[in-house]
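Subject: Structure handover

Hello,

Here is the structure for you to look through. Please open it first, then read the notes below.

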Amino acid sequence: MDHGLFGPESVTWRVMGEPILLVGGFRALLMQGLHPWAMRGVLQNSALMDPREAWSRFLRTTEFVRVRTYGTRAEVERAGSRVRRIHATLGFDDPDTGLRHRLDEPEALRWVHVGEVDSYLSVARRAGVRLSDADADRFVLEWRAAAEVVGIDPSTVPGDVASLRAYIDDARPGLRFVPEAAHPLRLSLNAPLPVYLAPLKPVLPALTLLAFATLPRWARRLYGLPATPVGDLWATATLRSLHAGLSFVPPQVRYAPDAKRARKLMAA
């Protein structure tokens, strides 16, 4: 049977189905936003404050993550081909240098990949998802296949936790929050949701705040936010409480359809 990139023996299937990983998705976007090229690529190619455009983009991204995680090889290739084609046709201007860059610049794509892997792994472990050190290394290695889907040479992205941390440390001097971008925390207070999702608006600031709190302290400082050990403790305690609380929700309600199917295959 074609289980796509990962399958029932993977750590990825065990991790990605947990609802608490929604926080990891938000954290990944915040990590992405600290790379000037990645952020400017988004800013110059999407209308973030247009409810129709912003929500459509979010839905497309969510669907891509779903297909990449649980889809067949053919479905993953179709989704990846579409993303690679879009990236290859778009560009952005760098006001710092006056140069124009393609959206598929390897450096920016690698940072987005690393920020995503680090975010999912960090949130899962801090929330109490059971992962040994070996499991964590395997998760990072498995995601090399995900990097290849968007056009990154898999040999150029980290293959274990130590190299993931080293990559982030090496990238830090070039990271910052570009001045032309609106602050994500402020955006969450007036989120551009379509009318039918307006009831979710009160939840978004709290979710964004939690995602910020899960960032490393240096990243929070780049966003101009307080960064103390107390904040780290609060984030970890909140993640653990939410994850523990969700465990009381019946699995048929707690998990999305693809995650339920994956859990059945893992159990078998």
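Contact here means heavy atoms within 4.5 Å. Keep that cut-off in mind for the residue lists below. One caution: this is a predicted model.

**Helix α2 and helix α11**

Start with α2, residues 21-32, and α11, residues 203-213. Their axes are 9 Å apart. The packing angle is about 70 degrees. Angles of 65 to 115 degrees count as roughly perpendicular. α2 and α11 are therefore roughly perpendicular to each other. Their crossing is right-handed.

Which residues of α2 meet α11? They are Leu 22, Val 23, Phe 26, Arg 27 and Leu 30. On the α11 side, the partners are Leu 204, Leu 207, Thr 208, Leu 210, Ala 211 and Phe 212. By class, the contact of α2 with α11 has nine nonpolar residues, one polar and one charged.

**Helix α11 and helix α13**

α11 also packs against α13. The angle is about 125 degrees, and the axes are 9 Å apart. That makes α11 oblique to α13. The crossing of α11 and α13 is left-handed.

From α11, the contact uses Leu 209, Leu 210 and Ala 213. From α13, it uses Gly 231, Asp 232, Trp 234, Ala 235, Thr 238, Leu 239 and Leu 242. These residues divide into seven nonpolar, two polar and one charged.

Look at Leu 242 in particular. It sits in α13, which covers residues 229-246. Is Leu 242 buried, partly exposed or exposed? Its relative accessible area is 40%, so Leu 242 is partly exposed. Setting aside neighbours within four places in sequence, Leu 242 is in contact with Ile 20 and Leu 210. For a sense of distance, take Leu 242 and Arg 165. They are 77 residues apart in sequence and 26 Å apart in space, C-alpha to C-alpha.

**Helix α6 and helix α7**

Next come α6, residues 106-127, and α7, residues 133-142. Their axes come within 10 Å. They cross at roughly 155 degrees. Angles over 145 degrees count as roughly antiparallel. α6 and α7 are therefore roughly antiparallel to each other. The crossing is right-handed.

α6 brings Val 117, Tyr 120, Leu 121 and Arg 125 to the contact. α7 brings Asp 133, Ala 136, Phe 139 and Val 140. By class, the contact of α6 with α7 has six nonpolar, no polar and two charged residues.

**Helix α3 and Arg 40**

Now turn to α3. This helix is mostly covered: six of its eight residues are buried. The buried ones are Pro 36, Ala 38, Met 39, Arg 40, Gly 41 and Val 42.

Why does Arg 40 count as buried? Buried means under 20% relative accessible area. Arg 40 has 2% relative accessibility, so it counts as buried.

What does the Arg 40 side chain meet in polar contacts? One partner is the side chain of Asp 94, at 3.2 Å. Another is the side chain of Glu 180, at 2.6 Å. Leaving aside neighbours within four places in sequence, Arg 40 is in contact with Phe 92, Asp 93, Asp 94, Pro 95 and Asp 96 as well as Arg 176, Val 178, Pro 179 and Glu 180.

**Strand β2 and Arg 100**

Another arginine comes next. Arg 100 lies in strand β2, residues 99-102. Is Arg 100 buried or exposed? Exposed means over 50%. Arg 100 has 53% relative accessibility, so it counts as exposed.

Not counting residues up to four places away in sequence, Arg 100 touches Gly 91, Phe 92 and Asp 93. Phe 92 and Asp 93 are also among the contacts of Arg 40. A polar atom of the Arg 100 side chain lies 3.3 Å from the backbone oxygen of Gly 91. The side chains of Arg 100 and Asp 93 are joined by a polar contact of 3.1 Å. Finally, compare positions along the chain. Arg 100 and Leu 29 are 71 residues apart, and their C-alpha atoms are separated by 23 Å.

Best wishes

Definitions and conventions: Residues are numbered from 1 along each chain as its sequence is written. This is a predicted model: local features need pLDDT of at least 70, side-chain atom pairs count only at pLDDT 80 or more; totals for chains, interfaces and linings use all residues. Side-chain values use heavy atoms; hydrogens and water are left out. Axes are lines fitted to C-alpha atoms, for helices over the stretch in contact, and angles run from 0 to 180 degrees between N-to-C directions. Helices (H or I, at least four residues) and strands (E, at least two) are DSSP runs, numbered from the N terminus. Angles under 35 degrees count as roughly parallel, over 145 as roughly antiparallel, 65 to 115 as roughly perpendicular and the rest as oblique. A crossing is left-handed if the near helix is turned anticlockwise from the far one by less than a right angle, and right-handed if clockwise. Ala, Val, Leu, Ile, Met, Phe, Trp, Tyr, Cys and Pro count as nonpolar, Asp, Glu, Lys and Arg as charged, and the others, Gly among them, as polar. Buried means under 20% relative accessible area, exposed over 50%, partly exposed in between (1.4 Å probe, protein chains only). A polar contact is a pair of N or O atoms within 3.5 Å; within protein, one must be able to donate a hydrogen and the other to accept it, and residues adjacent in sequence count only if both atoms are side-chain atoms.
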